[in-house]
Amino acid sequence: MIKSFIVTNHLGESLELILADPDSSGLAITSVTGLGQVQADVNLTDLAGSDYHTVNSAKLTKRNIVFTVKYWGNDIEQSRHIADKFFPVKKFITLVVKTDTRELTTSGIVEKNEPNIFSDKSTGQISILCPDPFLYSLADTTIPFGGVEPLFELPFPDTETSLTDDDNFDVWEVGNIRIVKDKVLYYTGEAETGITIQVDALASVRELAFYDLNSYQKIQINDTTLGSILGGDSISAGDRIIISTTKTQKYAQLIRSGVVYNIINALGMPVSWFELDRGDNIFSYSATTGEYDMIISIKHRIAYRGI
């Protein structure tokens, strides 16, 4: 069951539309469409002399969320101004949908915000077009991956003997140091989604490559091309590398001393943009130098087909 919507306009101002408490916002939502799975655009070809068809292509269409609202309270004109402020036509806004079990978000451009000014019902319709057909979890999920995983031991005194005797301490192993070069990431989403790989170099690193062992894909950084971008140097201590495979934000960057370099040309061609599928996803990495001198993490958001 939907509890509320939080809308954030292009200026960063937010308003929560609570379905059970329209007094708090001045807008009462009477109906909403476009929150389920979007329609698929399927291209078929007829087979001559046959009752069957072949599928040429299939893709999801854009998401169109339409609110029907009632301007609430004693000052109807003020309520219309609130709707104009938070749903400005031709501007991008962000929506958060709160239900009993999920909090999901999407972004879109306001296509229409039309009040029925001469109607005694004081209603209006707001249409939002979302280029991305999926809804996403609010927070990113970050998984540590690769390099040295630091753990530790602690000495605990043997309470049955004297505490002043250095020999009377029991060492309980809470952990140890493990070299981790692969990671199993369990993804619970309903739709495929990209990932963001972040690498913090602690020393010089050469011929860094990442592998998706499910799809047998590879992303490799070519040192020669990278050196031409950086002016003859390669990955050094203090560098941060960020590679994003998200559908609408595919990029590769190296950050050094506050300067951001676009290193997408240093990725081996053709670039394999990793995606998470529902279930176990296995990733690995390699480097000829500095293999254990990195702190690596994988970040992603969970994608849903509808609320």
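Me: Hi! Are F5 and F67 buried or exposed?
Reply: Both F5 and F67 are buried. Buried means under 20% relative accessible area, exposed means over 50%, and partly exposed is in between, using a 1.4 Å probe and protein chains only. This is a predicted model, where local features need pLDDT of at least 70, side-chain atom pairs count only at pLDDT 80 or more, and totals for chains, interfaces and linings use all residues. Residues are numbered from 1 along each chain as its sequence is written, and side-chain values use heavy atoms, with hydrogens and water left out.

Me: How are the rings of F5 and F67 arranged?
Reply: Their centres are 5.0 Å apart and their planes sit at 85 degrees, so the pair is edge-to-face. Rings of Phe, Tyr and Trp (its six-membered ring) pair if their centres lie within 6.5 Å; planes under 30 degrees apart are stacked, over 60 edge-to-face, and the rest tilted.

Me: Where in the chain are F5 and F67?
Reply: F5 is in strand β1 (residues 2–8) and F67 in strand β6 (residues 63–71), 62 residues apart. Strands (E, at least two residues) and helices (H or I, at least four) are DSSP runs, numbered from the N terminus.

Me: Which rings are in the cluster?
Reply: Ring pairs link F5, F67 and F87. The rings of F67 and F87 have centres 6.1 Å apart and planes at 55 degrees, so that pair is tilted. F87 lies in the loop between α1 (76–86) and β7 (92–99), and F87 is buried too.

Me: New topic: what volume does the largest pocket have?
Reply: About 640 Å³. On a 1 Å grid over the protein atoms alone, a pocket is an open set of points where a 1.4 Å probe fits, with protein on both sides within 12 Å along at least five of seven lines. Its volume is the space filled by probe spheres set on the points, which are joined across faces, edges and corners.

Me: How many residues line the largest pocket?
Reply: 23, with Y136, T246, T248, Q249 and R301 nearest its centre. Lining residues have an atom within 4 Å of a point. The largest share, three residues, comes from β8.

Me: What about the phi of Y216?
Reply: Phi of Y216 is positive, about 60 degrees, although Y216 is not a glycine. Y216 is exposed, with a relative accessible area of 76%.
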